[in-house]
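Have the viewer open as you read.

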Amino acid sequence: MLKSYEATYENGQIKWISEQPEITSARIIVTVLEETKPQIKRHFPIPDMAGKVKILGDIVSPIVDEEDWECLK
């Protein structure tokens, strides 16, 4: 059975982040995740769109009145 554990590798040593497996010997497969660059912090509202966008509705209320729904007629 395969089971995943999270660890870091520093100076030739493995440091377990989550639980450490309770085994004495095992065949392992190592996947190396490269460090990612920090994401650019986004500004809201987006300055280029300020004053140019019109909000028509949201996920809670419909854009048009229920009287205009063809499926209800």
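A salt bridge here is a side-chain nitrogen of Lys or Arg within 4 Å of a carboxyl oxygen of Asp or Glu. By that rule, the structure holds one salt bridge. Before going on, some ground rules: this is a predicted model, where local features need pLDDT of at least 70, side-chain atom pairs count only at pLDDT 80 or more, and totals for chains, interfaces and linings use all residues. Residues are numbered from 1 along each chain as its sequence is written, and side-chain values use heavy atoms, with hydrogens and water left out.

**The salt bridge and its hairpin**

Which residue forms a salt bridge with K15? E10 does, with the closest N and O atoms 3.4 Å apart. The side chains of K15 and E10 also make a polar contact at 3.4 Å (a pair of N or O atoms within 3.5 Å; within protein, one must be able to donate a hydrogen and the other to accept it, and residues adjacent in sequence count only if both atoms are side-chain atoms).

K15 sits in strand β2, residues 13–16. Strands are DSSP runs of E with at least two residues, numbered from the N terminus. Strand β1 covers residues 7–10 and pairs with β2 in the antiparallel sense over four bridges; to count as paired, two strands need at least two bridges found by DSSP. Across that pairing, T8 stands opposite K15, and Y9 has I14 as its bridge partner in β2. The hairpin of β1 and β2 has two residues between the strands, and N11 takes a positive phi near 50° there.

Skipping neighbours within four places in sequence, K15 is in contact (heavy atoms within 4.5 Å) with A7, T8 and E10. As for V30, it is 15 residues from K15 in sequence and 14 Å away in space, C-alpha to C-alpha.

**Exposure**

Buried means under 20% relative accessible area, exposed over 50%, and partly exposed in between, using a 1.4 Å probe and protein chains only.

| Residue | Relative accessible area | Class |
|---|---|---|
| E10 | 40% | partly exposed |
| K15 | 44% | partly exposed |
| I55 | 72% | exposed |

I55 lies in the segment after β2. Together with F44, I46, M49 and V53, I55 forms a nonpolar surface patch with about 570 Å² of accessible area. Areas come from the Shrake-Rupley method with a 1.4 Å probe, and patches take residues with over 30% relative accessible area and no salt bridge, joining nonpolar side chains (Val, Leu, Ile, Met, Phe, Trp, Tyr) within 5 Å and like charges within 9 Å.
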